[in-house]
Amino acid sequence: MAVRHRLIKASPARVWEVLADGTRYAQWVVGTAASQPKDGEWPQESASISYQIRLGPFEVGNETVVRRCVEGSVLELEAHAGPLGTARISIELRKWGEHCLVIVDEHPLQGAGGALHNLGFEALIQLRHRAMLARLAKTCEGDDTAEERERHPRPGGRYATGGSGAGHA
């Protein structure tokens, strides 16, 4: 079972806002192209989104279904990967000071993915999760950059409002 975590320098509410927007799925999930709603209201239970996975010149259509949602803290998904089967992906958000600790737990449920699951496969999932969490962090932290600069200006540097700090000519 692949479990990975990352501290994201944004509030849990901000991270949830990104996770709860099914149209932004491709911004943070590695290997996916544009996503769109398929059934229901994402991220409510049983809602789904469809998206494309690009493998070189090939594109494969897939879908992900919400299996469990605790608004603001837990999103459990079942990702359908065609002939590879399905995987359970659990994303948990924990308040960590003023930031958010994101824990991702994934394992195969059905199909060839479960039969092929071994240490090598586990290593690939870990690499994918590292990249996915980095993309999620960039998505969540990137939108807060101006607000953070205004609240916490650099000592002796320029403020977000355009004023200059001490010691500048």
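**Figure 1. Salt bridge between E17 and R14 in the predicted model.** The closest N and O atoms of E17 and R14 are 2.8 Å apart. Both residues belong to helix α1 and are separated by three positions, about one turn of the helix. E17 is partly exposed, at 48% relative accessible area, whereas R14 is buried, at 7%. By the rule applied, the model has seven salt bridges.

**Figure 2. Salt bridge between R68 and E76.** Here the closest N and O atoms lie 3.1 Å apart. R68 has a relative accessibility of 38% and counts as partly exposed. E76 counts as buried because its relative accessibility is 16%, under the 20% cut-off.

**Figure 3. Salt bridge between R94 and E92.** The N to O distance between the two side chains is 2.8 Å. Both ends are partly exposed: R94 at 38% relative accessibility and E92 at 28%.

**Figure 4. The open sheet of seven strands.** The strand order is β1-β7-β6-β5-β4-β3-β2, and the pairing is antiparallel. Strands β1 (2-8) and β2 (32-39) are the edges, each pairing on one side only. From one strand to the next, the twist averages 25 degrees.

**Figure 5. Pairing of β5 with β6, and helix α1 on the sheet.** Seven bridges connect β5 (residues 74-80) and β6 (residues 86-96) in the antiparallel sense. L77 has I89 of β6 as its bridge partner. Helix α1 (residues 12-19) packs on the sheet and touches β1, β4 (58-70), β5, β6 and β7 (99-110). The directions of α1 and β6 make an angle of about 155 degrees.

Technical notes. Residues are numbered from 1 along each chain as its sequence is written. This is a predicted model: local features need pLDDT of at least 70, side-chain atom pairs count only at pLDDT 80 or more; totals for chains, interfaces and linings use all residues. Side-chain values use heavy atoms; hydrogens and water are left out. Two strands pair if DSSP finds at least two bridges between them. Helices (H or I, at least four residues) and strands (E, at least two) are DSSP runs, numbered from the N terminus. Axes are lines fitted to C-alpha atoms, for helices over the stretch in contact, and angles run from 0 to 180 degrees between N-to-C directions. Contact means heavy atoms within 4.5 Å. A salt bridge is a side-chain nitrogen of Lys or Arg within 4 Å of a carboxyl oxygen of Asp or Glu. Buried means under 20% relative accessible area, exposed over 50%, partly exposed in between (1.4 Å probe, protein chains only).
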